[in-house]
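This report describes selected side-chain features of one structure. The sequence and the structure come first, and the text follows.

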Amino acid sequence: MATTQPRARAGARARAKARKAPRESVFAERFAVFAECLLTGVWIALASLPLVTYPAAFAAGSRHLRRRTTHEAGGWGEFVADFRAAVRGGWIAGLAGWAAAAAVWVDVQAVRAGIPGGPFVGAVGLFALIGLAVAGLRAAAAWEPGAAWRELLAEAGRRTVLDPAGSFLLIGGLAVVASSAFFIAPLAVPVLGAVAAAAVAVEERYRRR
């Protein structure tokens, strides 16, 4: 009996201390998440420098932001580990993305050359490239270590069609990156993190439907 009373008093003091501990305001927490998005954008840009590694970079950045929003520990070291795991198959997806962009560039040249049917082919190619970019972002946002990129992209393609609202949100994010790069090129780097965060939010919204 004598030993249980000190334990009870200690537990009561611990609970009182927890109640008195200051909590982070909603504004401070959201600003911290926003700042983390900008930092993640810099990480994504650095990891994308080899050009074919951008899917893996977005996958690692998205996973880092998922950890941040669920209050899990993680930093640069975890980002690098995720990037190394994602790039094993992600570089093929990156190469395919550049091939698609090259095909659209050829279509645009056909439009400028005045080839019959060029405008239609160019428009189709441009819309297809935008759809592929959105599917790629959704696949990266859903990536987990050990996941196959082919399966991720196939499933993301279906979600891109079945969830047009989320897809249009990501198109808006890509438009912001393009606008930032056009007016102030360095500004597009941190904005990449915001696009990754938008992809994570879109995927989470679709999962809870």
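Five aromatic pairs turn up when the whole structure is searched. A pair here means rings of Phe, Tyr or Trp (its six-membered ring) with centres within 6.5 Å; planes under 30 degrees apart count as stacked, over 60 as edge-to-face and the rest as tilted. In one of them, W43 and W76, the planes stand at 65° and the centres 5.4 Å apart, so the pair is edge-to-face. W43 belongs to helix α2 (residues 26-47) and W76 to helix α4 (residues 76-112), so this pair links distant parts of the chain, 33 residues apart. Helices are DSSP runs (H or I, at least four residues), as are strands (E, at least two), and both are numbered from the N terminus.

W43 also forms a pair with F79, and this one is tilted. As F79 lies in helix α4 and W43 in helix α2, the pair ties together parts that are 36 residues apart in sequence. Through such ring pairs W43, W76 and F79 are linked into a cluster.

| Pair | Centre to centre | Angle between planes | Geometry |
|---|---|---|---|
| W43 and W76 | 5.4 Å | 65° | edge-to-face |
| W43 and F79 | 5.4 Å | 50° | tilted |

The model is predicted: local features need pLDDT of at least 70, side-chain atom pairs count only at pLDDT 80 or more, and totals for chains, interfaces and linings use all residues. Residues are numbered from 1 along each chain as its sequence is written, and side-chain values use heavy atoms, leaving out hydrogens and water.

W76, at 45%, is partly exposed. Buried stands for under 20% relative accessible area, exposed for over 50%, and partly exposed for values in between (1.4 Å probe, protein chains only).

Another residue, S48, sits in the loop between α2 and α3 (54-69). S48 is buried, with a relative accessible area of 17%. Its side chain reaches the backbone oxygen of I44 at 2.7 Å. Leaving aside residues up to four places away in sequence, S48 touches T53, Y54 and A57, where contact means heavy atoms within 4.5 Å.

In helix α4 there is also A101, which is partly exposed at 26% relative accessibility. A101 and L129 are 28 residues apart in sequence, and their C-alpha atoms are 6.8 Å apart in space.

Notes:
A polar contact is a pair of N or O atoms within 3.5 Å; within protein, one must be able to donate a hydrogen and the other to accept it, and residues adjacent in sequence count only if both atoms are side-chain atoms.
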